[in-house]
Amino acid sequence: MRGVLLNFGCRLIEMMSRPDTLAQVRTVIAASAKFPQLGRAFYQAGPCFGASRLSDYMRRMNEEGVLRIADIDRAAWQFLDLCQAGTFKPLLFCMVDELSAGEIEAGVRAAVEVFMAAYGAPAVAD
């Protein structure tokens, strides 16, 4: 479980950290007030799509007893936010130019540990 989440989270942050992805996010944010359908479409195709797939996986792990989650959709969003903590916003607002693979892994590893402490079944969380 930890390995799957670590791999998923690292790949997510690596993708979100690409200059072209950052440029798209900045553009959509800037245009969304005037063109709300653009923001909605981007949100549905990106964050919502990823959260839905992650929810499906977490639902299976919940059924197998690996996780103990009452609100799976909320937990998926929490994990996504945990992965971004301290990394994505500094990139988005040009506080840093890039993230190293080590920085990404360290951030996601911390996210996995917090997530598993909150939602892992006792035998898995320890």
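Val-28 lies in helix 2. Helices here are DSSP runs of H or I with at least four residues, strands are runs of E with at least two, and both are numbered from the N terminus. The model is predicted: local features need pLDDT of at least 70, side-chain atom pairs count only at pLDDT 80 or more, and totals for chains, interfaces and linings use all residues. Residues are numbered from 1 along each chain as its sequence is written, and side-chain values use heavy atoms, with hydrogens and water left out.

Val-28 counts as buried, at 11% relative accessibility. Buried means under 20% relative accessible area, exposed means over 50%, and partly exposed lies in between (1.4 Å probe, protein chains only). Leaving out residues up to four places away in sequence, Val-28 touches Leu-38, Gly-39 and Phe-42. Contact means heavy atoms within 4.5 Å. Ala-106 is 78 residues from Val-28 along the chain, and their C-alpha atoms are separated by 29 Å.

The protein chain has seven helices and zero strands. Its elements run α-α-α-α-α-α-α from the N terminus on. The C-alpha trace spans about 45 × 30 × 15 Å along its principal axes. Of the 126 residues, 35% count as buried. Contacts between residues at least 6 apart in sequence were also examined; 73% of them join residues at least 24 apart.

Two packed helices are described by the angle between their axes and the distance between the axes. Axes are lines fitted to C-alpha atoms, for helices over the stretch in contact, and angles run from 0 to 180 degrees between N-to-C directions. Helix 1 (residues 2-16) and helix 6 (residues 101-119) pack at about 135 degrees, with axes 9 Å apart. Helix 1 and helix 6 are therefore oblique to each other. Angles under 35 degrees count as roughly parallel, over 145 as roughly antiparallel, 65 to 115 as roughly perpendicular, and the rest as oblique. Helix 1 passes helix 6 in a right-handed crossing. A crossing is right-handed if the near helix is turned clockwise from the far one by less than a right angle, and left-handed if anticlockwise. Residues of helix 1 in this contact include Leu-5, Leu-6 and Ile-13; those of helix 6 include Val-108, Val-112 and Phe-115. By class, the contact has nine nonpolar, one polar and five charged residues. Ala, Val, Leu, Ile, Met, Phe, Trp, Tyr, Cys and Pro count as nonpolar, Asp, Glu, Lys and Arg as charged, and the others, Gly among them, as polar.

Helix 3 and helix 4 also cross. Their axes come within 8 Å, at roughly 115 degrees. This crossing is right-handed. Helix 3 contributes residues including Tyr-43, Leu-54 and Met-58, and helix 4 contributes residues including Ile-72, Trp-77 and Phe-79. The contact has 12 nonpolar, two polar and two charged residues.

The largest nonpolar core has 33 residues. Such a core is a set of buried Ala, Val, Leu, Ile, Met, Phe, Trp, Tyr and Cys residues joined through side-chain atoms within 4.5 Å. Met-58, Phe-79 and Phe-115 have the most contacts inside it. Helix 6 gives the most to this core, with seven residues. Beyond its neighbours within four places in sequence, Phe-115 is in contact with residues including Leu-5, Met-58 and Phe-79.

Thr-87 is found in the loop between helix 4 and helix 5. Thr-87 is buried, with a relative accessible area of 7%. Not counting residues up to four places away in sequence, Thr-87 touches Ile-13 and Leu-99.
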